[in-house]
Amino acid sequence: MILSLLLLQAATMSSAGYPTSARAEYVLGCMTANGRAPDMLQRCSCSIDVIASLIPYDDYVTAETVLTMRGVAGERASMINDVQVLRAPVQRLREAQVEADLRCF
Amino acid sequence: MMKLRYAGLLCASAMLLAPVSSASANDELLTMQTDASQWVMPLGNYSSTRFSTLKQINRDNVKNMRVAWSFSTGVLRGHEGGPLVIGNMMYVHTPFPNKVFALDLSKDGAIAWTYEPRQDNKVIAIMCCDTVNRGVAYAAGKIFLHQSDTTLVALDAKTGKVAWSAVDGDPNVGETGTSAPTIAGNLVLIGNSGGEFGVRGHMTAYDIATGKQVWRAYSQGPDSDTLMDPKKTTVLGKAVGKDSGLAGWKGDQWKLGGGTTWGWTSFDPTTNTIFYGSGNPGTWNPAQRPGDNRWSMTIWARDLTTGKAKWVYQMTPHDEWDYDGINEMVLVDRQWKGKDRKLLVHFDRNGFAYVMDRMSGELLGAEKFDPAVNWASSVDLKTGLPVRVPEMSTEKTGEDIPTKGICPAALGSKDQQPVSYSPDTGLFYIPGNHVCMDYEPTKVAYVAGSPYVGATLLMYPPKGETNLGRFVAWDPVAQKSVWEIKEQFSVWSGPLATSGGVVFYGTMEGYLKAVDAKTGEVLYRFKTPSGIIGNINTYTFGGKQYVAVLSGVGGWAAIGMAAGLSGDTDGLGAVGAYRGLSDYTNLGGTLTVFEVPG
């Protein structure tokens with residue numbers, strides 16, 4: 001219940017402003033989807049590193065927030081899904097991810 | 001009386017820090033709300049200031065803040081509201097299915113009990129705006145929960161056992177429950193939700209000991225329903241007259257009149273008066289409901305004991321934009337133009353900050369707290385009427401044609417998430433939306449239990465801007481903003497101001513931010529596991545100050561999952577991956593509790 005893990009999040013910040021926890025979360029998700037082999041650890045780590053080299057962390061967080069609201073019900077979600085200005089960061093993330101796929105997978 | 005006293009004593013012995021209970025819940029809570037070590041009601045105190053005198057965590061050391069512990073609710077969907085802290089117990093609530101967890105702070109937050117009501121799943125479909133719940137209330141050794149299906153339940157605070165339950169409304173006709181109960185005197189008050197379903201709004205008082213209904217006051221209809229006195233109830237100092245709740249409607253339309261009461265209730269014990277707001281009138285298509293639609297969009301002052309209306313003020317007569325008037329009423333005593341006044345300050349969805357004399361219902365001030373607001377140019381303080389801008393009238397534009405560029409959007413310049421007021425700085429801290437809309441009314445027929453909306457909306461930030469949110473420090477007497485922080489997303493989290501000179505608020509990205517109360521300088525930020533639409537609170541335990549917030553918007557971005565997956569397996573892969581991810585990614589809400597070490 002008490003997650004001491006979280007304590008680490010504030011302290012550990014890696015290069016390009018991406019917290020280690022954000023990279024780790026990405027890698028965990030990526031490996032869950034693609035397999036847990038050591039090879040996949042390399043590919044998934046490569047993928048987030050490429051993304052981190054292409055878009056600033058704050059833009060990554062914006063895209064993450066928009067994507068989080070996809071499929072959520074209610075006024076809040078429909079507003080975020082509707083607003084045009086929020087589509088650009090998602091598009092940039094998608095493009096970075098495609099680039100990462102090419103380079104890493 | 002005997003029974004009540006017994007319950008009170010039980011509670012006192014069970015809770016380390018609870019003050020000695022008196023016979024009345026009213027007296028007990030009146031004392032408890034001044035004890036900064038606890039957080040005894042959703043808005044912190046009866047005046048709804050969401051302010052704490054705690055200052056262990058302050059401007060100088062907040063940068064050292066870190067997570068002390070966290071708790072996963074395991075429930076999906078949006079987590080509004082925030083936990084209560086009563087003595088050594090913390091009470092955490094969730095959206096539907098409306099679980100309540102009692103956490104024992106003296107045992108590292110171990111779960112003392114869990115309550116999960118049985119509710120029909122079909123209530124989910126009729127909740128317009130996510131299956132949220134804004135929190136539980138405490139009094140006389142009981143925890144009160146207002147469930148999605150409108151059931152009000154009283155739980156023994158020590159065991160979680162149901163003491164009584166009462167049914168407030170009928171989900172089959174679209175009535176639901178989202179609001180936090182308010183307890184004042186020996187009554188528990190709840191307002192209803194369902195304004196998008198053509199239900200009638202009402203505030204209802206139940207006896208805290210038995211659950212028996214004591215009074216119900218509707219937002220429209222004859223005086224016997226609205227509990228208005230044609231001579232004694234006033235609007236801007238004048239008697240309202242007979243059946244004023246019928247006057248603003250054509251025929252029987254008041255029976256689908258909306259005016260739900262899903263926001264917050266404040267209480268002034270010196271005059272025994274409660275204050276709350278009513279929401280939008282039934283159907284968003286204004287052409288279908290000619291008249292002022294009284295008393296939707298109204299600030300209500302009622303006698304606690306009888307429910308009788310003392311005064312009303314309708315902010316947006318004949319609403320054309322869905323500017324619900326349900327936002328919180330903050331009770332502040334301070335000078336207004338050189339005179340000591342008992343004020344009520346209200347930041348409405350319609351974008352105006354109203355200042356009223358809460359004793360008389362006199363309108364003292366109304367200014368835009370977001371400069372983008374353009375549906376009205378000003379509010380006439382004599383008549384109380386907004387001076388409308390004809391180009392922004394969705395009724396004038398007509399059915400099936402969008403009226404473009406209206407600010408604010410239907411969600412308002414500020415939604416239900418409550419403001420904070422610091423008596424130290426004299427400033428309000430407003431979590432704001434900065435969003436405009438195109439609004440297209442469409443004809444709609446009423447079918448019980450079905451949405452009665454009749455409008456299509458498109459939303460975007462004001463022209464030339466990209467930020468959808470603002471966090472604003474507002475001087476209520478000068479009626480202008482002192483500083484503001486532009487936020488990418490609307491701020492949907494209720495802030496907390498403290499005597500430490502810090503204001504805390506949450507963002508949709510999941511950041512808990514601490515800013516300097518005087519300057520707005522960001523002193524600290526931490527990314528919680530999900531977006532924050534909950535309200536921040538603070539308390540002490542073992543002499544140490546903690547800050548707590550619920551995060552959780554109900555979704556997960558799944559960014560990493562998309563990597564490397566080929567297109568045709570996206571769907572299946574996602575489902576399988578989601579299942580796997582539940583092992584380590586918490587898709588539910590999280591309570592995060594912060595401390596400054598040392």
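Q: Which residue takes a positive phi just after α2(A)?

A: In this predicted model, the residue is A:Gly35, which follows α2(A) directly and has a phi of about 120 degrees.

Q: What is the secondary structure of chain A as a whole?

A: Chain A comprises 6 helices and 0 strands, and from the N terminus on its elements run α-α-α-α-α-α. Of its 105 residues, 40% are buried. Among contacts with a separation of 6 or more in chain A, 55% join residues 24 or more positions apart.

Q: Where in chain A is confidence lowest, and where is it highest?

A: Chain A has an average pLDDT of 84, with 85% of the residues scoring at least 70. Confidence is lowest in helix α1 (residues 5-11) of chain A, where the mean is 38. It is highest in helix α3 (residues 38-54) of chain A, at 96. Over residues 1-14 of chain A the pLDDT is below 50, and this stretch has 20 contacts in the model beyond near neighbours in sequence.

Q: How many residues of chain B are in contact with chain A, and which elements contribute?

A: The contact involves 43 residues of chain B and 41 residues of chain A. On the side of chain B that touches chain A, the elements giving two or more residues are β2 (66-72), β32 (455-460), α6 (559-562) and α7 (570-581) of chain B. The largest share, 5 residues, comes from β2(B). By class, this side of chain B has 27 nonpolar, 12 polar and 4 charged residues.

Q: What is the strand order of the open sheet of 4 strands in chain B?

A: As a general principle, strands of a sheet pair through backbone hydrogen bonds, either parallel or antiparallel. In this case the order is β22-β23-β24-β25 (chain B), and the pairing is antiparallel. The edge strands, each pairing on one side only, are β22 (330-336) and β25 (362-368) of chain B. From one strand to the next the twist averages 30 degrees.

Q: Which residues stand opposite one another within that sheet?

A: β22(B) pairs with strand β23 (residues 339-347) of chain B in the antiparallel sense over 7 bridges, and B:Val332 has B:Leu343 in β23(B) as its bridge partner. Strand β24 (residues 352-357) of chain B pairs with β25(B) in the antiparallel sense over 6 bridges, with B:Met356 opposite B:Leu363. β24(B) and β25(B) form a hairpin with 4 residues between them, and B:Gly361 in the turn has a positive phi of about 80 degrees.

Q: Which residue has a positive phi in the turn between β10(B) and β11(B)?

A: The residue is B:Gly160, at about 80 degrees, in a hairpin with 5 residues between the strands. Strand β10 (residues 151-156) and strand β11 (residues 162-167) of chain B pair in the antiparallel sense over 5 bridges, and B:Ala154 stands opposite B:Trp164.

Q: What is the pairing in the open sheet of 5 strands?

A: The pairing is mixed, and the order is β1-β35-β36-β37-β38 (chain B). Its edge strands are β1 (51-52) and β38 (522-527) of chain B. Strand β37 (residues 511-516) of chain B pairs with β38(B) in the antiparallel sense over 5 bridges, and B:Tyr511 has B:Lys527 as its bridge partner.

Q: Is B:Glu521 buried or exposed?

A: Exposure requires 12 or fewer other C-beta atoms within 10 Å; B:Glu521 has 12 and is therefore exposed. Its place is in the loop between β37 and β38 of chain B. Not counting residues up to four places away in sequence, B:Glu521 touches B:Val515 and B:Asp516. The C-alpha atoms of B:Glu521 and B:Val502, 19 residues apart along the chain, are separated by 9.7 Å.

Note on methods:
Residues numbered from 1 in each chain as written. Chains lettered and ligands numbered in written order. Predicted model: local features only at pLDDT ≥ 70, side-chain atom pairs only at ≥ 80, totals over all residues. Pairing = 2+ DSSP bridges. Contact = placed C-beta atoms within 7 Å. Nonpolar A, V, L, I, M, F, W, Y, C, P; charged D, E, K, R; others polar. Buried ≥ 20, exposed ≤ 12 C-beta atoms within 10 Å, placed from the backbone. pLDDT = per-residue confidence, 0-100. Axes fitted to C-alpha atoms, helices over the stretch in contact; angles between N-to-C directions.
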